[in-house]
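Me: I'd like to go through this model with you, starting with the overall fold and then moving to some ring contacts. Could you keep the answers plain?

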Amino acid sequence: MADPKGFLTTGREVAKTRPVGERVKDWNEVYVPGSLLPIISKQAGRCMDCGIPFCHNGCPLGNLIPEWNDYAYREDWSAASERLHATNNFPEFTGRLCPAPCESACVLGINQPAVTIKNVEVSIIDKAWDRGDVTPQPPERLSGKTVAVIGSGPAGLAAAQQLTRAGHTVAVFERADRIGGLLRYGIPEFKMEKSHINRRIEQMRAEGTKFRTEVEIGKDIDAAKLRRRYDAVVIAAGATVSRDLPVPGRDLKGVHFAMEYLPLANKVQEGDLTVSPITAEGKHVVVIGGGDTGADCVGTAHRQGAASVTQLEIMPQPGEERNANQPWPTFPMLYKVTSAHEEGGERVYSVSTTHFEGDEDGNVQSLHLIEVEFKDGKLEQKAGTERVIPAQLVTLAMGFTGTDQANGLVQQFGVELDERGNVARDENYATNVDGVYVAGDAGRGQSLIVWAIAEGRSAARGVDRFLTGTSALHAPIRPTDRSLMV
């Protein structure tokens, strides 16, 4: 145990954010650089080293949290990094982007603020990079087997790294111009600077993983031909079909999916564009959808100089404390104020969009909404609550409905889909097509980054066993596992 009295004597302290007036003028990460290291050892000392650490159950990766908390408390950074990497290929991603279901399951969180697990995690990995503890781990020998991984998001990258280290020759195919999937173009720079992706890619290249960008399987390369070329294939193409809003005025100019809007802002930061062709500058912006992607749109609009930002959510506003039907250690639905919300704008709950209005040139100018409520399990509109708000840019951030089928990948492989439109798989992540596996959102449906990495690691074990007859790779979850909830 790190500090036997730490949870009694030390209060919870989290990373400091830069002043709002400063950070909305740039695209750097919102946190004060270096603010965690002076406090993180004491924060790690709050871990109680529970006999049954429920944080393991909250985290699908099964991260060895009490172990690396102990090492961080003792400032044994090399050992902490080793324990961190034992279960997680990319802790710098999860430490910045994961909503931390592990903290919701922290035993200390029953009656006190939980341990700052995310902050400890990101401190350990950032220190490991600074110290040079993160090095390539090429395989001792090659198996002679080849694997194609389709998609370079967290699931695809995790599967590729695991299989490369197992000795297989792995090629990752990405349809975008850079590696990273939604990590690259869906996550704004202010949440995670892309230098973190770049150095991981260099590590993977040094280990032997090959990367091919601007190649879309199904269009540029026939999927069936790819299968014949490689001994195994992992589909990790994500669930990239955005949920639409079929209301009058949807076809007006200025109404966009979030995944049309956010990637362009990231391309500006990559230096590909001087100004985004879809910009919030000087406009009244409405974001439809109250999740993390919606918050990303809010923060992006602030930095582009929006005149106003309004975020709409059809569900009621969550409470600030756990509901009785969401007891510890489940992941509760709580009112969350992200860094983007701290920067301004209005959040409106329990409303539904009825239609958009435009000007004579076909540009969206306003949005009509109405209040809604749940009655007998059904969503009903409340008469007399209609109102109009200005809207010159609207982003639809209502989630995703499944993997892309328009490019022909699903049909060319001949893989079966489940009842929710995801690629079906068995207990080993194998599809109905021999040698073709699926990992991440393409098989699970829209989920969290920590689940994607866990799926990539688990699918890699299935592929390794298929190729060699056995596997020593870590498989933290089954395809049927779900978040810890009631």
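**Overall fold and aromatic pairs**

Me: How many helices and strands does the protein have?
Reply: The protein has 19 helices and 14 strands, and please keep in mind that this is a predicted model.

Me: What does the radius of gyration say about the 486 residues?
Reply: A compact globule with 486 residues would have a radius of gyration near 23 Å, and the protein has 23 Å, so the value agrees with that expectation. Taken along the principal axes, the C-alpha atoms fill a box of roughly 65 × 60 × 50 Å.

Me: And what percentage of the residues count as buried?
Reply: Of the 486 residues, 54% count as buried. The protein exposes about 21100 Å², with carbon and sulfur atoms supplying 49% of that area.

Me: Switching to charges, how far apart are the mean positions of the positive and negative ones?
Reply: There are 53 positive and 63 negative charges, and their mean positions are 4 Å apart.

Me: Now the rings: how many aromatic pairs are there?
Reply: The count comes to six aromatic pairs. One of them is formed by Trp27 and Phe190, whose ring centres are 6.3 Å apart and whose planes are at 40°, so the pair is tilted.

Me: Where do Trp27 and Phe190 lie?
Reply: Trp27 lies in the loop between α2 (20–23) and α3 (37–44), while Phe190 lies in the loop between α11 (182–185) and α12 (195–207), so the pair ties together parts that are 163 residues apart in sequence.

Me: Is Trp27 buried or exposed? And Phe190, buried or exposed?
Reply: Trp27 is buried, with a relative accessible area of 14%, and Phe190 is buried too, with a relative accessible area of 2%.

Me: What about Phe173 and Tyr230, which kind of aromatic pair do they form?
Reply: Phe173 and Tyr230 form an edge-to-face pair, with 6.1 Å from centre to centre and 90° between the planes. This pair links distant parts of the chain, 57 residues apart, since Phe173 is in strand β2 (residues 169–174) and Tyr230 is in the loop between α13 (223–229) and β4 (232–235).

Me: Why does Tyr230 count as buried?
Reply: The relative accessibility of Tyr230 is 14%, and buried means under 20%, so Tyr230 counts as buried.

Note on methods
Residues are numbered from 1 along each chain as its sequence is written. This is a predicted model: local features need pLDDT of at least 70, side-chain atom pairs count only at pLDDT 80 or more; totals for chains, interfaces and linings use all residues. Side-chain values use heavy atoms; hydrogens and water are left out. Helices (H or I, at least four residues) and strands (E, at least two) are DSSP runs, numbered from the N terminus. The radius of gyration is taken over C-alpha atoms; the globule rule is 2.2 Å times the number of residues to the power 0.38. Buried means under 20% relative accessible area, exposed over 50%, partly exposed in between (1.4 Å probe, protein chains only). Accessible areas come from the Shrake-Rupley method with a 1.4 Å probe; for residues, only the protein chains shown count as cover. Lys and Arg count as positive and Asp and Glu as negative; His and the chain ends are not counted. The place of a charge is taken as NZ of Lys, CZ of Arg, CG of Asp or CD of Glu. Rings of Phe, Tyr and Trp (its six-membered ring) pair if their centres lie within 6.5 Å; planes under 30 degrees apart count as stacked, over 60 as edge-to-face and the rest as tilted.
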